[in-house]
Amino acid sequence: MDDQTKLEIEAAAFRRLRQHLMQDRTDVQNIDMMNLAGFCRNCLSRWYQEAANERGIEMTKDEARESYYGMTMAEWKANYQTDASAEKQDAFKTAFAENVGKS
């Protein structure tokens with residue numbers, strides 16, 4: 001497989017993952033994803049921002065999230081985010097520290 005075809009297939013797989021998380025499974029909470037898999041929608045938007053920045057494209061965290069989510073974080077939270085239990089919040093602190101860092 002040539003590099004361009006590989007790039008196109010990887011991009012298509014990313015778009016399908018985004019569709020799955022943003023349209024098909026809006027019921028799955030970010031905190032659950034982070035606790036189980038070590039990443040969530042916010043991680044994906046951060047990786048998107050980092051890739052843009054590496055290519056000299058200035059993009060803030062909020063701009064990356066809006067681009068990835070297709071709406072502002074406030075809109076996403078109002079439409080889809082539910083309250084997390086204290087147990088889930090504690091697990092998230094550990095998962096975040098292990099997978100993202102202490103920043």
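Predicted model: local features only at pLDDT ≥ 70, side-chain atom pairs only at ≥ 80, totals over all residues.
Before the first view, a word on geometry: axes are lines fitted to C-alpha atoms, for helices over the stretch in contact, and angles run from 0 to 180 degrees between N-to-C directions.

Figure 1. Helices here are DSSP runs of H or I with at least four residues, strands are E runs of at least two, and both are numbered from the N terminus. Along the sequence the pattern reads α-α-α-α-α-α, and the C-alpha trace spans about 50 × 30 × 30 Å along its principal axes. The mean pLDDT (the predictor's confidence in each residue, from 0 to 100) is 94 for the chain, with 98% of residues at 70 or more. Residues are numbered from 1 along each chain as its sequence is written, and side-chain values use heavy atoms, with hydrogens and water left out.

**Figure 2. Helix α2 (residues 30-37) packed against helix α6 (residues 86-99).** The two axes are 9 Å apart, at an angle of about 55°. The helices are therefore oblique to each other; angles under 35 degrees count as roughly parallel, over 145 as roughly antiparallel, 65 to 115 as roughly perpendicular and the rest as oblique. Their crossing is left-handed, a label used if the near helix is turned anticlockwise from the far one by less than a right angle, with right-handed for clockwise. From α2, look for Ile31, Asp32, Met34 and Asn35 in the contact (heavy atoms within 4.5 Å); from α6, for Lys88, Gln89, Ala91, Phe92, Ala95 and Phe96. These residues divide into six nonpolar, two polar and two charged. Here Ala, Val, Leu, Ile, Met, Phe, Trp, Tyr, Cys and Pro count as nonpolar, Asp, Glu, Lys and Arg as charged, and the others, Gly among them, as polar.

**Figure 3. Where α3 meets helix α4 (residues 61-69).** The axes come within 8 Å and cross at roughly 115°, and the crossing is right-handed. Arg41, Asn42, Leu44, Ser45, Tyr48 and Gln49 of α3 make the contact with Lys61, Ala64, Arg65, Ser67, Tyr68 and Tyr69 of α4. Five of these residues are nonpolar, four polar and three charged.

**Figure 4. Zooming in on Asn42, in helix α3 (residues 41-54).** Its side chain makes a polar contact of 2.6 Å with that of Tyr69. A polar contact is a pair of N or O atoms within 3.5 Å; within protein, one must be able to donate a hydrogen and the other to accept it, and residues adjacent in sequence count only if both atoms are side-chain atoms. Leaving out residues up to four places away in sequence, Asn42 touches Asn30, Arg65, Tyr69 and Met73.
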